[in-house]
Amino acid sequence: MTAVANGLRQAGSFFQLCIDVAKAVPKRPFQLKEMVQQAWFVASVTIVPTALVSIPFGAVIALQLGTLTRQLGAQSFTGAASVLAVVREASPLVTALLIAGAGGSAICADLGSRKIREEIDAMEVLGISPIQRLVVPRVLATMLVAALLNGLVSVVGIVGGYVFNVLVQGGTPGAYLASFTALAQLADLWTGEIKALIFGAIAALVASYKGLTAGGGPKGVGDAVNQSVVITFMLLFVVNFVVSAVYFEVVPQKV
C-alpha cells in the first residue's frame, strides 16, 4: 500500500506541476531569451541523431509495407501506406523518444543540479517563481523543437522509404509518388504535428518534475534522470494510443 500511495502522491504532484505551468505561461515577464537558448540547446543535441535514426525507420517501414503490399497484389499503394506510417505514427514517436532521451535528460540534470545546490530554494526565498523562470521556457522550447523536428523526420523518413523502395525493392518511382494522395490527407500531417507538440510537452514536464524533486546529491540526480526517461517513454506510448484512437473516431478516412 505504501508504494501505491507514493505513486498516487507523485502523480498528483506531477499533475499539479502541469497546472502551475499552464497558469504561468501567460504571465509576464516572459523569459524569451531563456526559451531561445533552451530551444537551441535541445535542437543541437537532437537534430543529428533524429535525422540519422529516421533514415532506417523509413527504410524498415518501406521494406515491411512493400513486402506486404506485394503479397496482397497492391504494390501501387506502397507509397501511400509508407507515407501514412511515417507521418502519422513513426515520425512523432521517433522525435519524442530522442527529445526525451537527449533533451529531457539534460533538462532533468540541469534542474536537479540546481535543486541539490539549493538554487531553487534561493529563488523561492527571493520571490522568483522557478516554474515561470525555469520550467515554462523549457517546456515551450521543447514543444517548438519537437514540432520542427517532426517535420524533418517526416521528410527524411519519406525520402529514405522512397529510395529504399525504388532502388532495393524495384518499385516504380511514378507509382510511389502518385499514391501519396490515395490514402494520405492533410489531417494526417496535422495529427503528427499535434502529437509532436504533446509529446514534447510531456517530455519536458516529466523531466522538469523529476529535476525539481531530485534529492540525495549527485546520485539522486542521476536516478532522477533515469526515471524521467523511463516514465516519459511509458507515457508517450499511452498518449499516442489515445490520440490515435481519437483521430480515427473524429477524422473520416479515405477509402
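Among contacts in the protein chain between residues at least 6 apart in sequence, 86% join residues at least 24 apart, where contact means that heavy atoms lie within 4.5 Å. The model is a predicted one, in which local features need pLDDT of at least 70 and side-chain atom pairs count only at pLDDT 80 or more, while totals for chains, interfaces and linings use all residues. Residues are numbered from 1 along each chain as its sequence is written, and side-chain values use heavy atoms, with hydrogens and water left out.

**Confidence and overall build**

The predictor's confidence in each residue is given as pLDDT, from 0 to 100. For the protein chain the mean pLDDT is 82, and 89% of the residues reach 70 or more. Confidence is lowest in helix α7 (residues 180-183), where the mean is 68, and highest in helix α8 (residues 186-212), where it is 88.

The protein chain has 9 helices and 0 strands, both being DSSP runs numbered from the N terminus (helices are H or I with at least four residues, strands are E with at least two). Read along the sequence, the pattern is therefore α-α-α-α-α-α-α-α-α. Of the 255 residues in the protein chain, 44% are buried; buried means under 20% relative accessible area, exposed means over 50%, and partly exposed lies in between, with a 1.4 Å probe and protein chains only. The chain exposes about 12800 Å², and carbon and sulfur atoms supply 73% of that area, as computed by the Shrake-Rupley method with a 1.4 Å probe, where for residues only the protein chains shown count as cover.

**Salt bridges**

Side chains of opposite charge can pair when their charged atoms come close. A salt bridge is counted when a side-chain nitrogen of Lys or Arg is within 4 Å of a carboxyl oxygen of Asp or Glu, and a search of the whole structure finds 8 of them. The table lists some of these pairs.

| Pair | N to O distance |
|---|---|
| E34 and R138 | 3.0 Å |
| R114 and D110 | 3.3 Å |
| D121 and K115 | 3.6 Å |

E34 forms a salt bridge with R138, and this pair links distant parts of the chain, since E34 is in helix α2 (residues 32-72) and R138 is in helix α5 (residues 130-168), 104 residues apart. E34 is buried, with a relative accessible area of 11%, and R138 also counts as buried, at 1% relative accessibility.

R114 and D110, by contrast, both lie in helix α3 (residues 78-116), 4 residues apart, which is about one turn of the helix. R114 counts as partly exposed at 21% relative accessibility, and D110 counts as partly exposed at 24%.

In the pair formed by D121 and K115, D121 is partly exposed, with a relative accessible area of 33%, and K115 is partly exposed, with a relative accessible area of 24%. Salt bridges that share partners join E34, D110, R114, R117, E119, R133 and R138 into one network.

**A charged residue without a partner**

E193 lies in helix α8. E193 is buried yet has no salt bridge, and the nearest side chain of opposite charge, that of K195, is 12 Å away; in this count Lys and Arg are positive and Asp and Glu are negative, while His and the chain ends are not counted. If residues up to four places away in sequence are not counted, E193 touches A147, N150 and G151.

**Two further buried residues**

K210 is found in helix α8 and counts as buried, at 7% relative accessibility. Leaving aside neighbours within four places in sequence, K210 is in contact with Q10, C108, A224, Q227, S228 and I231. K210 and A109 are 101 residues apart in sequence, and their C-alpha atoms are 9.0 Å apart in space.

N240 is found in helix α9 (residues 217-250) and counts as buried, at 9% relative accessibility. With neighbours within four places in sequence again left aside, N240 is in contact with E89, L93, K195 and F199.

**A nonpolar patch on the surface**

V155, V159, V163, L167 and V168 form a nonpolar patch on the surface, with about 460 Å² of accessible area together. Patches are made of residues with over 30% relative accessible area and no salt bridge, like charges being joined within 9 Å and nonpolar side chains (Val, Leu, Ile, Met, Phe, Trp, Tyr) within 5 Å.
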